[in-house]
Amino acid sequence: MITIEGLSKSFKVAKRTTGLRQSVKALFYREHFIVEALKDISFSIEPGEIVGYIGPNGAGKSTTIKLMSGILVPDRGTCSIMGYTPWKDRVSYVQNIGVVFGQRSQLWWDVPVMDSFELLRDIYKIPQKEYKDNINLLVETLDLQSLINSPVRQLSLGQRMRCEIAASLLHSPKILFLDEPTIGLDAVSKIAVRQFIKTINKEKGVTVILTTHDMNDIEALADRVILIGKGSLLYDGKLNELRSRFGTLKTITADYRETVNSFEIHGTSLLSWSPERAIISVDTEKVMISEVVSQLSSKVELLDVSIEAQPIEDIIVQLYKEYEI
Ligand SMILES: Nc1ncnc2c1ncn2[C@@H]1O[C@H](COP(=O)(O)OP(=O)(O)OP(=O)(O)O)[C@@H](O)[C@H]1O
């Protein structure tokens, strides 16, 4: 459905100057430097996938989304989405995609949300029945009934985001690009947005490409992650593989009958200790969990043991460090 090969994009940025002399000089001559936002990126995405596109600030995520939605033109490389080249066949192409930029609104600020929806219906030339069916479904599933008659400027961020997502789906796109759709939302709104993304993917088969800094979004939604850093593609694969390749640390919490002294367990590090509870970090590449539990039970009278995998957040931080991005 999406095939990207060797995509590169750079921006020419004017050097900022300080001081009066430099500012006057800049009126006649401006120095520039080049930011390589994307360097030779290649990947492909199948219909019905939900792909998490992740990376630290400035990695090139939004630039990729802008290229894929036809807003930007690359310096080099190709991008074929449902047979279209986004920046060339824009008018017919945009009928097939929905785009949500969490930091920007596609709704008109001063008019009621419903008026924005109707404007979008005219822009996309959505047939009346399709429009009605979609509105009914979106209003119900995103709980918009009490919002659609208010102007956008009166909505909270979470309410606006639900309306933005609805707006991006009015024309029944096959692909949805979501650039930080949960940014700034509270826990309840995040869960609602995630649930909705899951539903449209499952029930309508919409392919979703999602950029986010919230690893809970990724865990809840994406089987596959593409990681970029400093404009280069660093990892493309299953979230589970990422976890098993890089997430070898596990945390064991052991509760036991009171013991006086702290203890050491071979191959582990003690994260915290009290006379009744120890929290231990285990590198499963070096020592097996069963070995640690057996050592523990030989030292103390165990009451309870819980084992937790390393949170995906930590794995990503570790990855960023390893790739020096
Ligand atoms: N219009 C532009 N003009 C100049 N530089 C730009 C422009 N857009 C992006 N860049 C630069 O390109 C690089 C990639 O930016 P991009 O917005 O794609 O990153 P990102 O991964 O989306 O970051 P974030 O997580 O902070 O949103 C950054 O160094 C950014 O400063």
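## Helix α9 and Arg245

Arg245 lies in helix α9, which spans residues 239-246; helices (H or I, at least four residues) and strands (E, at least two) are DSSP runs numbered from the N terminus. This is a predicted model, in which local features need pLDDT of at least 70, side-chain atom pairs count only at pLDDT 80 or more, and totals for chains, interfaces and linings use all residues. Residues are numbered from 1 along each chain as its sequence is written.

Arg245 is partly exposed because 13 other C-beta atoms lie within 10 Å (buried means 20 or more, exposed 12 or fewer, partly exposed in between, with C-beta atoms placed from the backbone). Between Arg245 and Met114 the C-alpha to C-alpha distance is 48 Å, at a sequence separation of 131 residues.

## Packing of α9 and α11

Helix α11 (residues 312-322) packs with α9 at an angle of about 70°, and the two axes are 10 Å apart. The two helices are therefore roughly perpendicular (65 to 115 degrees).

## Ligand shell

The ligand is surrounded by residues including Phe11, Val35, Asn57 and Lys61, where near means a backbone-placed C-beta atom within 6 Å. At least two shell residues come from each of β1 (2-14), β2 (32-45) and α2 (61-68). The largest share, 3 residues, belongs to α2.

## Annotated domain

An unreviewed UniProt entry places the feature "domain: ABC transporter" at residues 22-255; such annotations may be inferred rather than shown by experiment. Over residues 22-255 the chain is 39% helix and 26% strand, with its end C-alpha atoms 66 Å apart.

How values were computed. Axes are lines fitted to C-alpha atoms, for helices over the stretch in contact, and angles run from 0 to 180 degrees between N-to-C directions. Angles under 35 degrees count as roughly parallel, over 145 as roughly antiparallel, 65 to 115 as roughly perpendicular and the rest as oblique.
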